Protein chains: 4
Amino acid sequence: MFRFDSDYLEGAHPLIIKKLAETNLEQTIGYGCDPHCERATKLIKEACKAPESDVHFLVGGTQTNTTVISAVLRPHQGVICAETGHINVHESGAIEATGHKVLALPSSDGKLTAENIKNCYESHWNDPNHEHMVQPAMVYISFPTEKGTLYSKSELSEIFYVCRECGMILYIDGARLGYGLAADGCDLSLPDIAALCDAFYIGGTKVGALFGEALVICNNSLKKDFRYFIKQKGGLLAKGRLLGIQFETLFEDGLYNEISVHAINSAKRIKKIFEKHGCRFLSESETNQQFPILKNSEIEKLLSEFSFETWCEINEDESAVRFCSSWATTDESLDALEKAVDNL
Amino acid sequence: MFRFDSDYLEGAHPLIIKKLAETNLEQTIGYGCDPHCERATKLIKEACKAPESDVHFLVGGTQTNTTVISAVLRPHQGVICAETGHINVHESGAIEATGHKVLALPSSDGKLTAENIKNCYESHWNDPNHEHMVQPAMVYISFPTEKGTLYSKSELSEIFYVCRECGMILYIDGARLGYGLAADGCDLSLPDIAALCDAFYIGGTKVGALFGEALVICNNSLKKDFRYFIKQKGGLLAKGRLLGIQFETLFEDGLYNEISVHAINSAKRIKKIFEKHGCRFLSESETNQQFPILKNSEIEKLLSEFSFETWCEINEDESAVRFCSSWATTDESLDALEKAVDNL
Amino acid sequence: MFRFDSDYLEGAHPLIIKKLAETNLEQTIGYGCDPHCERATKLIKEACKAPESDVHFLVGGTQTNTTVISAVLRPHQGVICAETGHINVHESGAIEATGHKVLALPSSDGKLTAENIKNCYESHWNDPNHEHMVQPAMVYISFPTEKGTLYSKSELSEIFYVCRECGMILYIDGARLGYGLAADGCDLSLPDIAALCDAFYIGGTKVGALFGEALVICNNSLKKDFRYFIKQKGGLLAKGRLLGIQFETLFEDGLYNEISVHAINSAKRIKKIFEKHGCRFLSESETNQQFPILKNSEIEKLLSEFSFETWCEINEDESAVRFCSSWATTDESLDALEKAVDNL
Amino acid sequence: MFRFDSDYLEGAHPLIIKKLAETNLEQTIGYGCDPHCERATKLIKEACKAPESDVHFLVGGTQTNTTVISAVLRPHQGVICAETGHINVHESGAIEATGHKVLALPSSDGKLTAENIKNCYESHWNDPNHEHMVQPAMVYISFPTEKGTLYSKSELSEIFYVCRECGMILYIDGARLGYGLAADGCDLSLPDIAALCDAFYIGGTKVGALFGEALVICNNSLKKDFRYFIKQKGGLLAKGRLLGIQFETLFEDGLYNEISVHAINSAKRIKKIFEKHGCRFLSESETNQQFPILKNSEIEKLLSEFSFETWCEINEDESAVRFCSSWATTDESLDALEKAVDNL
């Protein structure tokens with residue numbers, strides 16, 4: 001059985017395991033104040049060309065999103081996101097549990113536009129009853145989105161401009177950031193991302209690490225007391241160096257980018273395997289998630305050899321499915337997939 | 001520099017690193033539904049003689065405490081704990097952040113007694129204004145406590161009896177559970193713990209793991225929908241198998257107990273190193289935390305070679321300090337400490 | 001200037017003012033434990049034919065909704081409501097502030113159907129990732145709705161049946177309950193309402209009182225400790241008797257119904273005033289809120305003499321407006337309105 | 001039976017009832033934007049000599065405290081108060097329900113001192129683990145306190161100075177403010193109060209109104225978006241004018257002060273009634289709450305004719321009780337009390 005159901009199926013890139021083993025008996029102080037976190041911070045700031053930013057390491061994505069969003073918002077404020085946004089649908093109400101409404105906007109491709117953000121903001125302030133409503137104060141986007149799509153540099157710039165204009169904070173969920181930046185159609189670099197938002201995180205869990213996300217806070221006004229928030233939300237790892245060691249490894253010699261490219265190449269091959277037979281796709285994804293539309297009978301056959309997610313029903317006979325590649329995808333598994341699809 | 005400032009200074013027991021490396025490229029599904037978590041669950045249930053219990057793996061202690069306590073309490077209810085309880089002083093208000101008051105009771109040795117729990121409960125219900133007050137509904141104790149002290153079997157039984165009688169839930173924070181069970185004065189076993197509370201956790205972070213706590217829910221009424229709570233509080237690790245692998249290793253061949261005994265033996269030696277010179281101690285700790293009282297000048301000298309925490313001021317000239325041993329404490333470090341103390 | 005912009009423009013029905021004056025210097029104990037609250041409770045239970053219910057008096061609607069919903073839900077659960085539901089749009093995120101997601105369903109007429117509730121429930125439980133999503137556990141409907149529409153007895157019965165079947169709690173916001181029950185098309189009585197939900201409130205603020213809502217808890221499992229919740233959410237009025245006195249007056253000799261009928265008759269006249277000239281309406285409201293669609297130029301003219309709310313844009317030239325009648329609407333104001341509309 | 005158990009036993013001062021009756025059929029817009037609220041605001045600003053302040057009207061004390069405190073604090077921050085503070089013991093955990101710890105300091109007379117506030121602040125910031133603890137950011141005091149005691153002008157000035165120095169917000173709960181300002185020993189005026197804190201409220205519920213508290217925000221940085229907070233916490237009364245009308249009446253011709261003086265004179269007489277017989281008192285109260293210490297047998301006898309609260313046990317034979325006077329206390333009731341005490 002070859003698995004394509006997610007991008008967190010394996011452990012970590014072997015270099016990370018090696019580094020964890022080598023440093024295992026070092027004694028360091030806890031909670032992210034050790035030399036490994038310090039060095040990882042330095043490398044990330046360099047990679048982002050953001051020397052003034054603050055970098056924090058957290059364990060997982062839901063935790064990172066919840067910590068940032070609840071730190072930014074005041075009690076009467078909410079966060080705008082696409083209907084399909086992870087915080088709106090797949091975090092068990094973590095944002096609401098901290099007291100804030102998620103203001104979900106319709107979106108067909110998983111993306112928000114500067115225009116619909118502006119409209120949401122204006123429709124709040126133009127409503128004479130706005131004090132009876134949740135005030136939009138922050139925008140959450142994912143790069144890439146949950147549908148595998150990407151923002152272009154001009155789209156992101158416009159969104160950031162609107163946020164600045166409206167006094168709203170822009171936060172980017174980068175769970176799969178590496179896979180977005182390595183995609184063919186991407187015209188954004190890591191420094192661009194850092195320059196075009198108030199805070200974002202560089203996903204480790206899905207991009208080579210055992211676990212861990214590196215939060216980069218670009219906006220000075222969000223930096224104060226941030227470690228309190230991390231501690232309160234349960235994200236301050238006692239042996240914080242584990243996060244430092246992983247991101248040190250990922251950002252030492254371009255490893256993060258290198259393994260992202262591998263995942264994208266694997267995804268391109270997945271795309272071709274299905275395109276060869278005229279298959280349609282749910283979205284125009286250039287990243288590591290591919291959503292081919294298959295007949296239900298074909299899905300059933302493939303499931304005997306491969307694991308993948310059935311994403312949504314298209315009609316009575318067809319459904320969209322999701323195949324994920326990752327830093328760890330093997331040629332062997334892709335060969336097997338190609339053979340199986342050819343035989344359908 | 002030898003470090004004694006905490007019990008989370010190193011990585012993990014080498015067998016855990018080995019197992020992580022061996023399993024690294026296995027493909028498993030996420031969120032704790034993999035075979036390693038399954039096996040670890042089985043081993044823990046056996047070790048606890050609690051076949052009917054539910055076992056969940058979470059990343060850290062603050063997260064585990066917050067998840068359990070907020071899952072148990074209704075909005076108007078609070079949790080009783082000792083003034084020195086970790087949730088009361090060292091979790092940045094994580095419990096309050098979920099909406100609940102911590103009802104702190106005075107305690108000189110870090111322990112609660114059945115009697116003061118009962119009094120707290122009765123003083124609530126006997127107050128004609130109790131509807132204007134936070135209702136005590138849960139009791140939080142640590143085993144061992146933050147002061148290194150232990151509950152005896154009869155003390156814990158009485159507390160559990162009072163909780164049952166009053167309809168309150170008893171929850172045990174076992175961040176250092178192994179070190180408590182391995183202590184000389186301890187007359188409790190793991191199955192005793194499981195039989196004498198509603199839920200508890202077996203600490204991994206401080207006892208041999210890289211990170212991770214195994215929550216054991218003994219009371220049926222607390223089991224329902226628990227994975228939602230873990231997800232919402234950010235504790236559902238994507239690569240859940242990392243927790244499974246670690247606890248599998250710790251509970252495979254008695255490793256958890258074995259390494260706990262090592263820490264206790266090291267702590268006994270620390271105790272002797274100071275006792276030899278007539279030193280007093282802040283508390284009667286038989287566990288891995290020792291609190292000798294030293295002259296401030298002595299503390300300063302020792303700090304040039306060793307790291308340890310200054311715990312509290314005793315008088316103008318003296319302070320209590322904390323030396324922690326752990327599964328990783330080396331003879332070399334203890335020899336050095338002995339020599340330094342002899343030379344004071 | 002005659003005002004039609006809401007149903008809380010005046011003070012209270014004169015009999016209430018009279019009763020407040022008469023009882024003013026009585027000494028009673030506080031927090032709703034006085035003889036007036038007792039008597040009002042008795043009268044309401046009789047009117048509802050719900051002798052086993054619990055009745056609580058709260059100050060306002062947002063407070064009542066928040067108190068009930070946060071008392072019912074556990075941390076991972078959310079409340080289903082129509083997109084237009086008051087808790088979703090006009091309570092400044094009060095529900096989310098207690099930690100819970102509002103699960104808003106599309107609705108063109110402000111109503112939910114048993115079918116869309118069932119679908120929402122099933123789509124949660126059929127999703128393999130449901131533990132990563134907010135669990136629907138409660139249904140909020142308004143009677144009448146924010147659009148002035150009403151549920152029929154069979155519609156409400158079906159909704160309640162689905163809720164029972166799915167183990168979800170049904171709660172009815174009755175801010176304008178009197179005006180719903182008095183409407184021509186209504187085939188539900190107060191005892192029907194009490195029999196077909198778990199909890200509901202009888203609105204006083206908009207139906208003759210200075211302020212105050214009477215919460216009726218029909219489901220035994222929701223009764224326990226309820227006064228703690230009211231106190232915690234700031235709803236336990238010190239001089240609780242003020243609420244008792246008002247509801248005593250409203251339910252003494254059928255006053256609540258009588259004044260509701262007056263409001264409905266006034267609304268019918270408003271309807272006719274506009275229908276006479278072929279005016280369309282936004283919704284089929286038979287209650288005290290009427291939503292005629294007018295030309296923008298007509299709206300402007302009317303606003304010089306009358307106050308009313310502009311509800312929503314229909315097209316470039318037309319908008320829907322809202323005219324509210326109430327227990328206090330005068331013939332004089334209706335005559336003036338008729339004249340002005342005739343002159344448009 | 002004459003009641004002395006609280007200061008909210010009767011309705012409102014007759015002038016308020018009169019004004020409510022007179023204005024009853026006026027039509028005004030809702031939510032506190034009407035001319036009565038406007039006028040009440042003007043009168044209060046004048047009385048406080050605080051033309052730049054913001055005034056908001058809320059229904060009750062718990063609600064006001066919760067709204068202010070949750071509006072001020074960020075998620076990791078807590079509010080310092082005396083152990084006996086109302087928010088710590090008698091609001092059913094309302095503050096914690098909004099996510100914040102109440103940092104209770106020991107106090108024998110219900111008061112905080114500048115010194116213990118400073119110590120609390122410093123002990124936080126001097127602790128190397130302060131990021132693991134709740135950050136003190138606000139100070140809550142009551143004037144008068146729950147024990148009837150008062151701050152002198154110099155004490156309050158010192159507290160405010162320390163708060164400013166430490167960047168903490170000072171908030172005064174003035175549920176019984178009138179009774180404090182009218183007390184013989186008080187050297188503070190309303191303008192002094194307004195000048196020596198960041199926000200405070202002028203209690204109406206206990207001082208002549210049916211209900212209602214007037215929040216005065218003196219510190220500019222706390223003003224923004226405040227009406228959202230009030231709405232979200234359920235405190236934005238639909239018929240807001242009811243609050244406006246009451247405070248208009250109370251502040252029109254010095255009525256608030258006049259009725260406070262009446263209550264203080266009544267309290268002095270209560271004091272004398274007990275002092276005459278050599279009775280001791282629990283606290284040095286010069287306000288409307290008196291705490292004589294009586295034999296339990298005496299208490300029992302008095303309870304047959306009077307209602308009052310048994311406050312706390314002093315020893316096996318004696319308890320402290322609480323007698324409250326108010327604007328409504330009658331000479332008749334005081335004569336009866338005197339006679340009864342003389343006969344003990």
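This is a predicted model: local features need pLDDT of at least 70, side-chain atom pairs count only at pLDDT 80 or more; totals for chains, interfaces and linings use all residues.
**Confidence**

For the complex as a whole, the predictor reports an ipTM of 0.96 together with a pTM of 0.97. Within chain A the average pLDDT is 97, and 100% of the residues score at least 70.

**Symmetry of the copies**

Two copies of a chain are, in general, related by a rotation about an axis and a shift along it. For chain B and chain C, the superposition needs a turn of 180 degrees and a shift of 0.0 Å along the axis, and it leaves an RMSD of 0.0 Å. The two copies are therefore related as by a two-fold rotation axis. Among the C-alpha atoms of chain B, that of B:Arg74 is nearest the axis, at 3.8 Å from it. Because 100% of the interface residues of chain B are also interface residues in chain C, these copies meet through the same surface.

Chain A, in turn, is laid on chain B by a turn of 180 degrees with a shift of 0.0 Å along the axis, and the RMSD is 0.0 Å. Here too the same surface serves both copies, since 100% of the contact residues of chain A recur in chain B.

**The two interfaces in numbers**

The table sets out the computed values for each pair of chains.

| Quantity | Chain pair | Value |
|---|---|---|
| Residues in contact | chain A and chain B | 45 residues from chain A, 45 residues from chain B |
| Residues in contact | chain B and chain C | 21 residues from chain B, 22 residues from chain C |
| Buried area | chain A and chain B | about 3800 Å² |
| Buried area | chain B and chain C | about 2000 Å² |
| Polar contacts | chain A and chain B | 26 residue pairs |
| Polar contacts | chain B and chain C | 14 residue pairs |
| Salt bridges | chain A and chain B | 0 salt bridges |
| Salt bridges | chain B and chain C | 2 salt bridges |

**Chain A with chain B**

Of the area buried between chain A and chain B, carbon and sulfur atoms give 56%. The residues of chain A that lose the most area to chain B are A:Tyr8, A:Gln27 and A:Lys239, which together account for 18% of what that side buries. Several elements of chain A each supply at least two residues of the side that touches chain B, namely strand 1 (2-3), helix 1 (14-22), helix 3 (61-72), helix 5 (94-97), helix 10 (226-232) and helix 11 (241-252). By class, that side of chain A holds 22 nonpolar, 14 polar and 9 charged residues.

**Chain B with chain C**

Carbon and sulfur atoms give 51% of the area buried between chain B and chain C. Helix 3 (61-72), helix 6 (114-126) and helix 10 (226-232) of chain B each supply at least two residues of the side that touches chain C. The largest share, 5 residues, comes from helix 10 of chain B. Sorted by class, the side of chain B that touches chain C divides into 8 nonpolar, 7 polar and 6 charged residues.

**Local features within the chains**

Most residues other than glycine have a negative phi, and most peptide bonds are trans. Against that background, a cis peptide bond joins B:Phe143 and B:Pro144, with an omega of about -5 degrees, and B:Pro144 lies in the loop between strand 5 (135-142) and helix 7 (153-166) of chain B. In chain C, a cis peptide bond joins C:Phe143 and C:Pro144, with an omega of about -10 degrees, and C:Pro144 is placed in the loop between strand 5 (135-142) and helix 7 (153-166) of that chain. A:Ser92, although not a glycine, has a positive phi of about 55 degrees, and it lies in the loop between helix 4 (86-89) and helix 5 of chain A.

Over all chains, the structure holds 80 salt bridges. One of them is formed by the side chains of A:Lys153 and A:Asp192, at 3.3 Å, N to O. This pair links distant parts of the chain, with A:Lys153 in helix 7 (residues 153-166) and A:Asp192 in helix 9 (residues 190-195) of chain A, 39 residues apart.

Technical notes
Residues are numbered from 1 along each chain as its sequence is written. Chains are lettered from A and ligands numbered from 1 in the order in which they are written. Side-chain values use heavy atoms; hydrogens and water are left out. Contact means heavy atoms within 4.5 Å. Buried area is the accessible area (1.4 Å probe) that two parts lose on being put together, summed over both. A salt bridge is a side-chain nitrogen of Lys or Arg within 4 Å of a carboxyl oxygen of Asp or Glu. A polar contact is a pair of N or O atoms within 3.5 Å; within protein, one must be able to donate a hydrogen and the other to accept it, and residues adjacent in sequence count only if both atoms are side-chain atoms. Helices (H or I, at least four residues) and strands (E, at least two) are DSSP runs, numbered from the N terminus. Ala, Val, Leu, Ile, Met, Phe, Trp, Tyr, Cys and Pro count as nonpolar, Asp, Glu, Lys and Arg as charged, and the others, Gly among them, as polar. pLDDT is the predictor's confidence in each residue, from 0 to 100. Copies are superposed by least squares on the C-alpha atoms of residues with pLDDT of at least 70 in both.
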